[in-house]
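Please look over the two-chain model shown here.

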Amino acid sequence: MRAPAKFLLGAFGAIAIGALPAACDWREFDTLQNQAPVLAIDSPAGFSSSSDFAGILLPVTPPMDGSAAAWFLASATETTGLALVTIDAAGSSSGLTLTGSALDDLASDPVTAMAEIPGTGTGSALLGAPTASRLLTVDLESQTVSQFIPASPLTATEPLLGVGVAVGNLTGGAALDLVAASNSSVHVFVDGSTTDIAPGAADLISCPITLSGQLPDHDKSNRALLVGNLLASGPAIAIGTPGAAAPGSVSLFTATTSAVTCAGVLAAPAATDTGFGQTLAIGDFDGDGVPDLLVGAPPTRVYLYKGPIAPGAAPTTTIPAPAGNAAFGSALVAMNLDGKSGDEALVGDPGATINGLTGAGNVTIYTGANLTKTATMATPTTVLTDHEASSGQAYGTAVGALPFCVSAPCVAPPRLPLVGAPNKAFVYFTLGPTDPRAM
Amino acid sequence: MTRVRSRYAALLLAAAVSVGASGSSTSARAAEEATPDKALNDAKEAFETAQTFFVRGEYDTAASKFLEAYNKKPYPAFLFNVAVSYEKAKQLEKAKEYFERYLQDDPNASDAAQVRLRLDVIGKLLAPPPPPVAAPTVAGAPPATPGTPAAPGAPPVPGESAPAPGAPTAAPGTPAAPGAPPPAPPPPAPVLPVLPDIDTKGLVVIDSKPQGATIYLNDKRSGPFGKTPWHGSLESKPVRLILESKGWKAEERQISPRSDKLIDVYIALSEEHYLGWIEITSNVVGADLFIDRKDIGAIGRTPFTGQLKPGKHTIFLERFGYEPLQEEIDVPAGTAMQHNLTMQKSQAGWVTITGKTTEGGRLIVDEKFGCTTPCRTQLAPGKHKILVEKKGFEDYETTVELGQGIETTIEVQMSPRPSRAHAVSTSIVALVIIGAGAYVGYLSDQNKNSLKSDISSGQLIDNGDSRFSYGKVEAIGADVLYGIGAIVAATAIYGFFEHGPDSTGVMEHRSITLAPLFGPEGTGLALGGRF
């Protein structure tokens, strides 16, 4: 063999030997991908829009049979679109677009309010489609969506029925009470029945909840409504009423099996807080066992009212918007992230500018009894953003606390931050003391 | 016929050698003398006169002159010419007589057979015609008159035909009687043979002093032609005479024999006492003989005789199948020496490579250069590894078992080797592809390391990070490129090792043997081959 041939053969050999370690196993990327701290979820196949997917999120208690580690509902805000996203124990997700005649009857009106109906064992939720003034229920296990039809017709007199929904035990009955707000009232379906009770005219004067007609449509598509042990006397309904030009308020109602009564109002601390009451969240931030109320007043502040709430009281803490934020407080959730006593508050600002990207959005985490600290978690990260953020992404439009249960039976599962943007949902696995995924 | 042999007479006639002797020469040739034989001169004079008459068509006179020449020197050729002249003169009886005398004088003449055939024809022409067959008797029809046919002894002239068949044979004046029935047609006359044309013979007379010198024609390789004195006819074309006699200096002459000439060559050889005479014989007939130097080629073959300058000389004998022989001899002046050399059969064998495609190749025997092909090389008996190599061609390899005296001829057909250019270019392509694969793999690795670093440092990257997809695609791309590169590289490697059709060879073994040989010049061993 001639010298050039020997040289080339030698070169081949050297390259082959050198290339062996360089030979790439693309499966390593799959492994790494499964180890990614954040799970980004796109809209499932058949969803109405890939860019209007996770503007409204509802984490739901995982199924008791352990068939999924977590699941949540995601709804479009511009049209009818409802998806059930399931996450397995390894952290991989799968999505399913829910369909059915009840959704078809919405005639493209969106579902903009969702509340879990806990305790059913199969996962179910109450849905509100205010544009259509309809209420629906969904069974996650059977993936069935049904229309919830009140016994008395409400739509004729109350537009935007279902603009806010909540579930809780207000009346002390065996079953949970369903609560649905409209443009001007709130209805309690005692023990989940179709018969409702609502506040009387006097109560509505004491606790005004009528939305201003001058509010932008977005603010009238979903209003803050929750049920919790807010009062010293027991559970109450808290419903936010942001103002168009005037300061907003949060009205508190108590309920019995026969009446809904005004319990008081939390007025906006500042005259400029027109958005006061646009978002609400219940959490035990100081770890005293008494739920505290977090009231968002976007775009500038979030107020903490320590429980028990005394109507008319001033907020315990005011959390100002960090610099550069544009819609601070548009989404709120309370959850225990660090595993220590006291919940943390996640405050979404979908209009925040990130690295010069206007409207990229972020979520800021606050901790401590007065939510003054922002860096006490296992990771130093206190501001969540999309790693590959883009302008107008509106990351943080929705936030939630996603129960994640690796194995059944699921007792006190850890909750993971669930952040929504119109095009994606993000689940964070590593912000707590441990990564709960089964590796 | 008396031959004057005085040296004086020889010198006098030195310049007048012979008619027609080319290169006739000069007085410087002391050895050359005109014939001292007066009778021969007279005969030659008569011969030339006869030829003059023959050319004129006066054949009778020519015949008498040829006969006169014969009477001076009784060369059979003269009788032949007498017969030819008489035949031309239409005197077949005499022609027959002299042809017969010619055969009596020279029964072994080279043209004896033709002369006998001619005599047969002449005999038939001279024979009387057969008697006519009696025709049916017809009243009034007189019988043919006897004696009207041509008289016996008046044969047809050569070239003339017998009377035409059907020609009236009746004598003139004997017409058929009027009113008589026509006579029966005579039987057809027999067809007489025709004598082919003939010409006289030339004559060459070669004599020497001393007589008994060996005559060679043109060169000595064809062997001795005869010894002096010699006379006879030669073909009409120039020929070189070489006369050689032991103890005498060899002489050469150029002559041009003709059918109408008598060429008389008489050469007085001069004694050359300062030369030696050698006779070299060998057990191998036909071995090439070289004297003193081989570069001028062989001067003869065994057996060989010739003169040589006195002194020491080196004799080389070569013959394929035998060991070359070299021997020193001492040649004394004026003496004759005989050397009988014995050649030994070669102990070796030979390998011969032939074939047009081997031109310019190399024969490697047992990994040592043998010769530049096509060629023959001598090898020791036994097994040998043969390799014929040539640039641009596939090697031809074989093993031969050589025996003593065996020549193995291999007709090799070299097969062109495929070009390596394609393999080189393919290698480069493979290197580029593999290099690209390595680069893409490097990019993939960078993404992987970056992701690992981010994950381990707590960076909140999500599973949709573009590095996952890019890295994965790069990893797959790198693997694909590696795979393609490996395939191309394998193709390139195959190209380097690829060879064309094998060069082929047809082997033939030939045994060189000796056989006893008996010839007029002696005995010896002849070289032969068995295939």
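This is a predicted model: local features need pLDDT of at least 70, side-chain atom pairs count only at pLDDT 80 or more; totals for chains, interfaces and linings use all residues.

Residues are numbered from 1 along each chain as its sequence is written, while chains are lettered from A and ligands numbered from 1 in the order in which they are written.

**The two chains**

Helices (H or I, at least four residues) and strands (E, at least two) are DSSP runs, numbered from the N terminus. A residue is buried if 20 or more other C-beta atoms lie within 10 Å of its own, exposed if 12 or fewer, and partly exposed in between; the C-beta atoms are placed from the backbone. Two residues are in contact if their C-beta atoms, placed from the backbone, lie within 7 Å.

Chain A has four helices and 28 strands. Of its 439 residues, 55% are buried. Among contacts in chain A with a separation of 6 or more, 58% join residues 24 or more positions apart.

Chain B has eight helices and 24 strands. Here 31% of the 531 residues count as buried. Among contacts in chain B between residues at least 6 apart in sequence, 60% join residues at least 24 apart.

**Helix pairs**

Two packed helices are described by the angle between their axes and the distance between the axes. Axes are lines fitted to C-alpha atoms, for helices over the stretch in contact, and angles run from 0 to 180 degrees between N-to-C directions. Angles under 35 degrees count as roughly parallel, over 145 as roughly antiparallel, 65 to 115 as roughly perpendicular and the rest as oblique.

One pair lies within chain B. Helix H4 (residues 76-88) and helix H5 (residues 92-105) of chain B pack at about 165°, with axes 7 Å apart. H4(B) and H5(B) are therefore roughly antiparallel. Their crossing is left-handed, meaning that the near helix is turned anticlockwise from the far one by less than a right angle (right-handed if clockwise). Residues of H4(B) in the contact include B:Leu79, B:Phe80 and B:Tyr86, and those of H5(B) include B:Tyr98, B:Phe99 and B:Arg101. By class, this contact of H4(B) with H5(B) has 11 nonpolar, no polar and four charged residues. Ala, Val, Leu, Ile, Met, Phe, Trp, Tyr, Cys and Pro count as nonpolar, Asp, Glu, Lys and Arg as charged, and the others, Gly among them, as polar.

A second pair joins the chains. The axes of helix H2 (residues 27-34) of chain A and helix H7 (residues 421-456) of chain B come within 11 Å and cross at roughly 20°. That makes H2(A) roughly parallel to H7(B). A:Glu28, A:Phe29 and A:Leu32 of H2(A) meet B:Lys448, B:Leu451, B:Lys452 and B:Ile455 of H7(B).

**Backbone sites**

Most residues other than glycine have a negative phi, and most peptide bonds are trans.

| Site | Feature | Value |
|---|---|---|
| A:Gly307 and A:Pro308 | cis peptide bond | omega about -5° |
| B:Thr228 and B:Pro229 | cis peptide bond | omega about -5° |
| A:Gln143 | positive phi | about 55° |
| B:Glu367 | positive phi | near 65° |

A:Pro308 sits in the loop between strand E20 (301-305) and strand E21 (317-320) of chain A. B:Pro229 is in the loop between strand E4 (224-227) and strand E5 (230-232) of chain B.

A:Gln143 lies between strands E8 (134-139) and E9 (144-148) of chain A, in the loop. It counts as partly exposed because it has 15 C-beta neighbours inside 10 Å. B:Glu367 is in the loop between strand E17 (362-365) and strand E18 (368-372) of chain B. With 7 C-beta neighbours inside 10 Å, B:Glu367 counts as exposed.
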